[in-house]
Amino acid sequence: MRAPLPPGSTIGILGGGQLGRMSALAAAGLGYRCHVFAPEADSPAMQVAAARTVAPYEDAAALAAFAAAVDVVTFEFENVPAATLDALAPLVPCRPGVEALRIGQDRILEKRFFERSGLPVGPWREVATREALDAAVAELGLPAVLKTTRLGYDGRGQAVLRGPADLDAAWARLAPRPLILEAFIPFEREVSAIAARGADGAVVTFDATENRHSRHILDLSIAPAPVPGAVAAAARGHVAQLAGQLGLVGLLALEMFLLPDGSLLANEMAPRPHNSGHWTIDACLFGQFALHVRAVAGLPLPQPQRHHDAVMKNLVGPEAFAAWADLAAMPDVALHLYGKGEAREGRKLGHATRLLPLGSVATAGDAGLLSPV
Ligand code: AMP
């Protein structure tokens, strides 16, 4: 697929969540139609799609019909089985391709990819047996973090080991799935950066973002990250380098730990729009979803310019969601709700981004930043 997709073309999206919803909304702004394929009916993306397929990702007949109905396929959910993209790839262009998906789904492949790319990562060990866990703890020391290699998100599938007494319970909870042990990183801040790579190979990046978590779920993103310029540039450089190395067409998000000495360790990547990039919708002329759609559709990628500083707050669970009417009344807050039926505890139901004048983050200090949203 060389020429840009003309308006009126159909973008197929695998996955029905909020990332697909916001991608579909951005696509609509460029005159594209979106066809969402997901196992769940009435999911956030389905509600705003022009066409829908409700079927399991393994349904070969449904995938073939989907491929015939769309001009290009992308995904919003990184746990789409790689076999699904393998089935689609001979029939329709898939952006990004299966390689980025496969690596992003597996912490071991991901860490090896970071290491091959020359990106620093924290100490880690593969843990296949209970004895291997003891050996890894002996080598890396405690505290440490035991994680499943696959299907972990928002802190699910991981356990912090603070002392030897924690090992049995963590093993009982997480095994027999494949696991890794990571040394606990005493980071100063968590930082992420997002790159978009176009079909022509051009790469652009958004400002680095600081992320703060609450109970393992992203709570706040602060943009630009209040870090020295060299750190922000390194964060952007790392993700741009990885995007180039993968040769992907689409978005790549990279989460990093900032150490007290100013160096960055790569933690995790995702070849899709990312929660830590939601602020870009409102604070940049072209946000992450717009660039995702542009990349997938083969359009040129403008370098995103941030016209405001921003603080994004996730609305997680019923209590945070209850503030929606107050947030909707604030003139400098952009409220985004995801149309999720059930306001379960721990579920991301929406987000709110407060726009601040350029330069506010650098001068405000933490207290001034965190109170607004
Ligand atoms: P992850 O699923 O790998 O993104 O981990 C979720 C969150 O857990 C991270 O954003 C960190 O706040 C924390 N975390 C994960 N791995 C480590 C580690 N090795 N050391 C310290 N904190 C970690």
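Start at proline 176, in the loop between helix 7 (167-174) and strand 8. Helices here are DSSP runs of H or I with at least four residues, strands are runs of E with at least two, and both are numbered from the N terminus. Select the peptide bond from alanine 175 to proline 176: this bond is cis, with omega near 5°. The model is predicted, so local features need pLDDT of at least 70 and side-chain atom pairs count only at pLDDT 80 or more, while totals for chains, interfaces and linings use all residues. Residues are numbered from 1 along each chain as its sequence is written, and side-chain values use heavy atoms, with hydrogens and water left out.

Go to arginine 95 and proline 96. A cis peptide bond joins them, with omega about -10°. Proline 96 sits in the loop between helix 3 (82-88) and helix 4 (98-104).

Next, select aspartate 42. This residue is not a glycine, yet its phi is positive, about 50°. Look for aspartate 42 in the loop between strand 2 (33-38) and strand 3 (51-54). Most residues other than glycine have a negative phi, and most peptide bonds are trans.

**Domains**

Colour the chain in three parts: domain 1 (10-94), domain 2 (123-183) and domain 3 (189-370). These bounds come from an automatic or database domain assignment. Now show domain 1 with domain 3. Their C-alpha centres lie 23 Å apart. The contact (heavy atoms within 4.5 Å) takes 18 residues from domain 1 and 20 residues from domain 3.

**Helix pairs**

Select helix 1 (residues 18-29) and helix 10 (residues 288-297). Their axes come within 8 Å and cross at roughly 70°. Axes are lines fitted to C-alpha atoms, for helices over the stretch in contact, and angles run from 0 to 180 degrees between N-to-C directions. Helix 1 and helix 10 are therefore roughly perpendicular to each other, a label for angles of 65 to 115 degrees; under 35 counts as roughly parallel, over 145 as roughly antiparallel and the rest as oblique. Show the side chains: Leu19, Met22, Ser23, Ala26 and Ala27 of helix 1 meet Phe289, Ala290, His292 and Val293 of helix 10. The residues of this contact divide into seven nonpolar, two polar and no charged. Ala, Val, Leu, Ile, Met, Phe, Trp, Tyr, Cys and Pro count as nonpolar, Asp, Glu, Lys and Arg as charged, and the others, Gly among them, as polar.

Move to helix 5 (residues 107-116) and helix 8 (residues 229-246). They pack at about 105°, with axes 11 Å apart. Helix 5 and helix 8 are therefore roughly perpendicular to each other. Phe113, Phe114 and Arg116 of helix 5 make the contact with Leu242, Gln245 and Leu246 of helix 8. By class, that contact has four nonpolar, one polar and one charged residue.

How many cavities of 30 Å³ or more does a search of the whole structure find? Three. On a 1 Å grid over the protein atoms alone, a cavity is a set of points where a 1.4 Å probe fits but cannot get out; a pocket is an open set with protein on both sides within 12 Å along at least five of seven lines; lining residues have an atom within 4 Å of a point. Grid points are joined across faces, edges and corners, and a volume is the space filled by probe spheres set on the points.

The largest cavity holds about 60 Å³. Select its lining: Lys111, Val121, Gly122, Pro123, Glu182, Ala183, Ile185, Phe257, Ala266 and Asn267. Domain 2 and domain 3 each give at least three of the lining residues.

Finish at the second largest pocket, about 210 Å³. Its lining includes Ser214, Arg215, Lys313 and Glu345. Strand 12 (217-223) and strand 15 (309-316) are the elements that give two or more residues to that lining.
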